[in-house]
Amino acid sequence: MSAALAYWQVGESVSLREAFGRALLHAAAEREDFVLFDADIAGGTGAKPFAEKFPSRVMQFGIAEQNMMAAAGGCADTGLIPVVSTFAAFGMMRAHEQFRTAIAYPKRNVKLFCSHLGLDTGPDGATAQMLEDIAVARSIPNIAIVVPADANEFMKAFAAIMDHRGPVYARIGRSPAPVICDAQHRFAIGKATRLREGADVTIIGTGVMVARALDAAASLAASGIAARVINLSTIKPLDADEIRAAARETGAILTAEDHNVHGGMGSAVAEFVVEHCPVPMKIIGVADRFGKSGEPAELARLYGLTSERIAAEARALLTRKTCANAA
Amino acid sequence: MTGQTALKSRESTAPSIAELAAQARAIRKHTLAMIHAARSGHPGGALSAADILAVLYFDLLRLRPGEPRWNDRDRFILSKGHACPALYAALAMRGYFALAQLAGLRKIDHFLEGHPDIKIPGIDAPSGSLGMGLSQGLGMALGARHLKKDFRTYVVLGDGDMQEGNTWEAIMAAGFHRLGNLVAILDANELQGDARVAQQMDYFPVREKLEAFRWSVTELDGHDIGALRQALAMAASSRDAKPSFILAHTIKGKGVSFMEGQQYWHGSVTMKDEELSKALAELDRT
């Protein structure tokens, strides 16, 4: 009999790395079938409390992520579930081909959890700020891509990911992020969550941008604009029904992500929308640039990832929606 | 247990050297016929690995061809995936699928992919992009140790694998983790895609590097079936905490005079009808 999962209070500020550590410890008591694959970075990804408590369930690779990734593929063949954790630059970029060929192609049951995503990474600067991982991950068949919006959603997602049979890429934000989902939140791989109803425009956020999308919707409401807000916490497979409904019922879609505007969540939504339910869209993200050092909030202002920017772009999008209707 | 006594204990059921040589010859003949029928493929490196595969598949590996995913089987990974026609031939000869299927290699409506795919019965790991085979084997060996299973993992590497950084990461990790249940066999034919290894990127000496990374190294002629058998039996019965590395010196295109040591036959090649007949006739005479 294990302890019930402990969640955080809505409004608290919690790093998803802390949630990852808590989820691992909880799961360790529940199931014997997984091992942690680490490349000298458990302290950075949040896995350290687990690694310290269960050293026999840690496979250590030193700083050699390509070997770690391909070995995870091989290890999955024995029936164990490798939980691989590192920074996104190393897990999804350096070891990309190992993930593709040794894990995704043979559909091996490996779970890759990467931290240090986007500008949220902060002062470490451009080399650590992964702004390309969704783009490269999205082009690989057979995998699911999960981006929890906060610590509570992460806890739910972790359980679903471990129960899912097949390779999963999941993203762990580095910096403390506001808790927006309560303990009753339901998470399923492939299902988006509608956090706010609205008929004028839809704002789809992922990761740290979901909380900012909610703030933007609140400020839009003050000026009489009803924005629907969707948390798209699975980028692959895409929740087609929810996106189609957003296009049909609100007629305009704005996406927001802490990632390059090319190839990310906005691109995934746009690919679907343009083919199935074309409506005016705006993709907010980092405008095809590298990051730089600074605090996450400062970087968000410098690169235009704030709730104010989302609200302003939503207003601009509404004028395009009107034009589209008139034409 | 020494290699000699390990051999002796299995003498009643073990095939003779002549029988293994006959299996290697059959692997070579199937391989050439497959590549000829496919009109593409890599004969040189498949022929150089044929004796190694014959000893593994007909003498050493603990397998259940009727139950390809049997969890306690020995694992085998052909890291130099382009040599897979020889592996597919060995699998068909062991009964994983019908020999007639070999003619489907590289065809659109057939399961025998141009490089190993785990959907093929008997294939334990995808390969074809060099440098990832030893890491996957390392993962299997780590998993076996964690689960307290006694199967062993065998990985055949090629010259190109030894130039990939990923392979050296795996060599470092296997020595560090003292994985006595992992065996690597290097099919060192010393000719790679465009030129000789010595010209492109000489990775020798091997023994000194591997020993420095805490592996136990045996060097032999990769076409000497007796020597291969003894070295593999020793590796298979080793209770040593070191992973085993068998440095097998081989000849690219071995068994076919006009292919031996010839760059052209690395591949991927379209083999003419008369080339196939000449090669098969030569193999029949050996």
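User: What makes the seven strands of chain A an open sheet, and in which order do they stand?

Analyst: The order is β3-β2-β4-β5-β7-β6-β12, with mixed pairing. A strand here is a DSSP run of E, at least two residues, and a helix is a run of H or I, at least four, both numbered from the N terminus. Two strands pair if DSSP finds at least two bridges between them. β3 (58–60) and β12 (234–236) of chain A each have a single partner strand, so one side of each is left without a neighbour in the sheet. From one strand to the next, the twist averages 20°.

This is a predicted model: local features need pLDDT of at least 70, side-chain atom pairs count only at pLDDT 80 or more, and totals for chains, interfaces and linings use all residues. Residues are numbered from 1 along each chain as its sequence is written, while chains are lettered from A and ligands numbered from 1 in the order in which they are written.

User: How do you know that β2 of chain A pairs with β3(A), and in which sense?

Analyst: Pairing takes at least two bridges, and β2 (residues 34–38) has three with β3(A), in the parallel sense. A:Leu36 stands opposite A:Val58 there.

User: Which residues of chain A count as touching chain B, and how many are there?

Analyst: Contact means C-beta atoms, placed from the backbone, within 7 Å. By that rule, 22 residues of chain A are in contact with 23 of chain B. α4(A) gives the largest share of chain A's side, eight residues.

Notes:
Axes are lines fitted to C-alpha atoms, for helices over the stretch in contact, and angles run from 0 to 180 degrees between N-to-C directions. Two residues are in contact if their C-beta atoms, placed from the backbone, lie within 7 Å.
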